[in-house]
Amino acid sequence: MTKLNVGVIGAGSISELHLQAYQKLGDAVQIYAICDLNQARAQEKAEKYGASEVYDDYRKLLADPKVDAVSVCTWNNTHAEISIAALQAGKHVLVEKPLCRTVEEALNVQQAVRESGKVLQVGFVRRYDANAQLMKSFVDNGELGDIYYAKASCIRRLGNPGGWFADKERSGGGPLIDIGVHVIDICWYLMGRPKVVSVSGNTYRKLGNRANVRNLSFYKAADYDASQNTVEDMANALIRFDNGASLMVDVSFTLHAKQDETVVKLFGDKGGLELEPAMHLVSEKHDTILNITPQTDQKGLNVTAAFQNEIRFFIDSCAAGKEPISPVEDGVELMKILCGIYESAETGREVRYDN
Ligand SMILES: NC(=O)c1ccc[n+]([C@@H]2O[C@H](COP(=O)([O-])OP(=O)(O)OC[C@H]3O[C@@H](n4cnc5c(N)ncnc54)[C@H](O)[C@@H]3O)[C@@H](O)[C@H]2O)c1
């Protein structure tokens, strides 16, 4: 079997999980090239993972005919540009979440996917988690009936990573586009991907990055700089869909909350489910409410295993032309939701979409 030559563009934190997963698929994959604006960072990863080619410009990597597929692990402001260039150069693409920063960029990526005929998988990694797939099988088998309400929450009380994450120009926004995208997406995926018809949202910049807080550590970007912060620290929204279902969301980088909290809950006319903070099913039988706890190896999200599944699925899609679990069309719909929330917050009005 010929191995697929993979290039990884962006050699920062998340590239590590991509590279570990590619390495485990050594029978099918050759980690061939690494690219980063920071050449030393790319070089370090290349040495660690045995890549023969190192680039500081993604265009040079894409011009290399030996590259079959790429992971795009760069700042959000470059996702669309690099993905489109990669597709046009005939490469398959796994692009990290969010797909990009705007609906316009998302539609351009979608057009490039359709014109190229290449695979593009959006890195909605939570979809590839074993528990999420288990819950999806319950939904698909009708256990919840008609799902009409969902709740997605990702609250960090102290967790603005700074660096490019806190620079709206490069990130496209704060907790909503960075961590909100994950919980909104997994709810929406489990709801059956209904079309969004309206969004009403609020964003707040009340607390800043709270770099003053002592005695409590939090994740910081490599280029953390407390003086730089142009993103919201909190967002909430109500999203309506064409099937009448609604999704309520709240997310934060900082909030006067007692603790961090991730919530993913869905409610149907036959039953309910909770994926986060832990898996439960809720139903009614013989006039009695039942809370059911699926017995699985892992109670919550297994990040490493989810990345392994995501990358394995990507490689299978490249080899067999299989439709991704997270196609570009879903990236576009998520951008409509995220950008709708930002627009609604800015204008103070509901944003409506004609489908
Ligand atoms: N799926 C997840 O759970 C998850 C988790 C973390 C980050 N991410 C996503 O991964 C992406 C990267 O995040 P990170 O945490 O690794 O950030 P990071 O800052 O650690 O790394 C980003 C790297 O990209 C490089 N880069 C930026 N623009 C580039 C360009 N044009 N060409 C080449 N290299 C470029 C930077 O030099 C940096 O080394 C973001 O889109 C983020 O949203 C996803």
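Me: Which residues does the UniProt annotation "domain: GFO/IDH/MocA-like oxidoreductase" cover?
Reply: The model is predicted, so local features need pLDDT of at least 70 and side-chain atom pairs count only at pLDDT 80 or more, while totals for chains, interfaces and linings use all residues. Residues are numbered from 1 along each chain as its sequence is written. UniProt positions follow this numbering, with feature names shortened, and annotations may be inferred rather than shown by experiment. In the unreviewed entry, the annotation covers residues 133-274.

Me: How far apart are the end C-alpha atoms of residues 4-124?
Reply: UniProt lists this span, in an unreviewed entry, as "domain: Gfo/Idh/MocA-like oxidoreductase N-terminal". Its chain is 44% helix and 24% strand, where helices (H or I, at least four residues) and strands (E, at least two) are DSSP runs numbered from the N terminus. The end C-alpha atoms are 22 Å apart.

Me: Which helix gives the most to the side of domain 1 that touches domain 2?
Reply: In total, 20 residues of domain 1 are in contact with 21 residues of domain 2, contact meaning C-beta atoms, placed from the backbone, within 7 Å. Helix H5 (103-116) and helix H9 (303-320) each supply at least two residues of that side of domain 1. With 3 residues, the greatest contributor is H9.

Terms used. Two residues are in contact if their C-beta atoms, placed from the backbone, lie within 7 Å.
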